[in-house]
Amino acid sequence: SLTGDALRMPLMLQLHGLVPDDPDGFRWSHSAADDLRKIRKSGFTCTIAPGPDQLARFEHEFSGPALRARHETEVIIRTGARLRQEASRPGMEQVRLWLAGQWVGTMLAQPVDGTYYLHTIGWLHGDDQWLRRGVVTGLYWFSILRARELGLQRITFGAVAPYLEDGLLQFKGKWGGVIESGCQKFGDMHLLLDPTHATCRRFLERTSLVAWGADGRFVVFSARRPGSVRIPATIASGLARWYRWRQPDDPAGITDHADVPYSLRAHVIPEPIAS
């Protein structure tokens, strides 16, 4: 009975991208190009190992500490039997990063039907020094090179939170990650929002929500206009429509669109998205 008033959102967003024919010659964004210069200066090298190789060490020294340090209370860690099961899937491999002869990072990845799926990431002891040296950028970069080496056309960057200010969404987007409505697999959540409630309003003022539109495409509900939320062009390309939360100085009105739950139609204003 509450469906018409609830905002339906993906629980997580799955990001996909195309593998460039020539990653070294590809015209990356300024941010990605700066990151590439950083990892080249650091001097990372890469090797490939089978998925199950030294898996216990990967779990305890790399993925576990790194993900806890990165995500804190929101962390989701594959441990024990779950990680062993994942690592034993056909074709699963470890993209390993090395610095001065030391193994410092790994991406667990799998080629399937023309797509390179990035699964679990980790860096040595979850130590910030490797982040400063660019280990995460290095793992994504060498994973892209590996996908190209295998002759794959697509790469799946994994899941991110469904709001535009999410750091992982920003990071994966600059490497070509796109949100495609037909490739989501994590299920949905339904939010009942009261924009007149002070706590809810503070949340909405700082968080641009990515929700399902009536036509199965992605729409945004944000306190800001398109263009004032800095997102990679690849992310913007996956957004069909944009709704801005009405401010006190905006004229009163009703937004009568099937994207918008009934309870929110007096609280939003449609904003054009530049093509």
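Predicted model: local features only at pLDDT ≥ 70, side-chain atom pairs only at ≥ 80, totals over all residues.
Helix 6 contributes five residues to the lining of the second largest pocket, and this is the largest share of that lining.

In total, 20 residues line the second largest pocket. Those lying nearest its centre are Ser29, Gly173, Lys174, Pro232 and Ala233. Sorted by class, its lining holds 10 nonpolar residues, seven polar ones and three charged ones.

The next feature to look at is a sheet. Strands of a sheet pair through backbone hydrogen bonds, and the pairing can be parallel or antiparallel. In this model, four strands form an open sheet in the order 10-11-12-13, and their pairing is mixed. Strand 10, residues 209-212, and strand 13, residues 268-271, are the edge strands, since each of them pairs on one side only. From one strand to the next, the twist averages 30 degrees.

One end of the sheet can be followed at the level of residues. Edge strand 10 pairs with strand 11, which spans residues 218-222, in the antiparallel sense, and four bridges join the two. Within this pairing, Ala211 stands opposite Val219 of strand 11.

Note on methods
Residues numbered from 1 in each chain as written. Heavy atoms only, no water. Pairing = 2+ DSSP bridges. Axes fitted to C-alpha atoms, helices over the stretch in contact; angles between N-to-C directions. 1 Å grid on protein atoms, 1.4 Å probe; cavity = no way out; pocket = protein on both sides within 12 Å on 5 of 7 lines; lining within 4 Å. Nonpolar A, V, L, I, M, F, W, Y, C, P; charged D, E, K, R; others polar.
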